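Me: I am new to this structure. Please take one part and walk me through it closely.

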Amino acid sequence: MKNEASRGDSASQFNGENSQSKYDFGGKWQPSELELARRAARAKRNKRSAIIAALSSFFVLGGLAVIAVTSPGWKLLSDTFFKWAYGVEVLPKILLGFITNITLTTIATICVAFFGLSIALVRTSKAPALTPFRILATVYVDVFRGIPMLLVILLVGFGVPALQIQGLTNNVLILGLTAVIITYTAYVAEVIRSGILSIHPSQRAAARSLGLNYVQTMRHVILPQAFRRVTPPLLNDLVALIKDTGLVSILGVTDAVRAAQIASSRSFNYTPYVMAAIVFLLITIPLTRFTDRTLRKSIEQQNAQGLA
Amino acid sequence: MSNSVLEISKLRKSFDTELVLEDISIKVPEHTATVFIGASGSGKSTLLRCINLLEPIDDGVIKLDGEEITDVEINPDEVRRKIGMVFQAFNLFPHMSVLENIILAPMRVKGSSRDQAVDQAESLLKRFGLLDKANQYPDRLSGGQQQRVAIIRSLALNPRLLLLDEITSSLDPVLVNEVLKTVRDLKAEGMTMVLATHEMGFAKQVADEVCFLKDGRILEWGTPDQILNKPQERQTQEFLKQVNEAGRL
């Protein structure tokens, strides 16, 4: 939003109004001798802390590295998992497979967002006409949140083609995608629902007292606040989703995991798996950092609101 | 006798097994203010929420401009458009700027264009000296400013009746005055109001009628002078004595 940058220091804002005419804060203040001495002492202490941290890190981490590299099994270990020349050789295949993971993630994210929101809205609504859907949604969420996703992938990926229904696809990629969407919709619906329920009833009362109806209240007052609050957990689910697209490899989809498996079984070397892991990490670590930052901001914002 | 904007007869309300309001009957003529006083939990807030149809009632009738709004066939959303409500905790929408808070209902409920709504909101903000805060978010305002914005927000639909629910109870004494001044101004302009308050001095200034609520019943009612200076009932006297000792009279 517009004032994102200026939100941080709201506490200091309150005091300013009445006092500005009386005191000149901009002026000629010089720190006292005492304050200067304090600052010098603080700077000295900080410098000492930094030196200690650096030395300690150097010896502990360096020591661990030396122990690992000089241990008798190191050669075998690095040949099995970290044969970089071979790793680079198979990297194009893994990257090609990773495009499948990204595609799956993108399509799944869009579908999951839509279905997840719909289910959350059905479950939080009190409309009598929606009662059967509310029951179905509850059962659906309970079931698919409570079973391993691998099981869903196997059921959909192998079970659906076994039905031999005309017009239904046998494409493992689509079946795998469907299984991922089914499972993650259940997770995301619950996250959004908890967000909706976390908005204080007084917000609803204020909106309704202005004459807004249920749908308007949801759309303009409740959902915008709920989404802001659940953005961090939703981003967490996105990271998990990226990783979990690797599970569809069990159906024979040639994603990054499958590509690594093929390369590895051909050479009895496990470096391709490590390469695949690195490829995943290149996406997931930055996204995790971004999630952490969003969470921190969101907490700060809620605290600021609490003050007022 | 002028027409009553609000007329309640024999209203009864309970939560589960607990009886909260019983045999409440009042008339609020146009351009007057009725003030409810009473201890916390005496049912003041619940009464205001019932009038705004935010709470279903057990029995009785509520009429707005002679029309029964407790009729089951009436659309509560349309009733609430005619009644403004201001809450103890302001309840501004934190994700919207001051201006957006105010124009939401005119645009969505009344179908005003954005320009129209903004014009109206800006003239209201100007009138109450808050125009410079139009683009601020609620968490950047002081409590008193937030409450004044909440009052403006409730005025944006030109309500027939304004319900004010302990609107100064979460403000410190310095900020209370600016909010009370706003309410006095509205009263002077002829707004019809029902208030719940702990500010007895304010009740004296603004009220045409004061009702003392005790355990969900109107125990005593009359002019501010009758109730606040010469209460007849022992329980009213005791309540006022306690308020007096707490220094809020």
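Reply: What follows is a close look at one strand and its partners.

This is a predicted model, where local features need pLDDT of at least 70, side-chain atom pairs count only at pLDDT 80 or more, and totals for chains, interfaces and linings use all residues. Residues are numbered from 1 along each chain as its sequence is written, chains are lettered from A and ligands numbered from 1 in the order in which they are written, and side-chain values use heavy atoms, with hydrogens and water left out.

The part is strand β4 of chain B, residues 59-64. Strands here are DSSP runs of E, at least two residues, numbered from the N terminus. Side chains alternate along β4(B). G60(B), I62(B) and L64(B) point to one face and are buried. Buried means under 20% relative accessible area, with a 1.4 Å probe and protein chains only.

Now the partners. Two strands pair if DSSP finds at least two bridges between them. Strand β1 of chain B, residues 4-15, pairs with β4(B) in the antiparallel sense, over 5 bridges. There, E7(B) has K63(B) as its bridge partner in β4(B).

Strand β5 of chain B, residues 67-68, is also antiparallel to β4(B). These strands are joined by 2 bridges.

The hairpin of β4(B) and β5(B) has 2 residues between the strands. In this hairpin, D65(B) takes a positive phi near 50°.

How values were computed
Buried means under 20% relative accessible area, exposed over 50%, partly exposed in between (1.4 Å probe, protein chains only). Helices (H or I, at least four residues) and strands (E, at least two) are DSSP runs, numbered from the N terminus.
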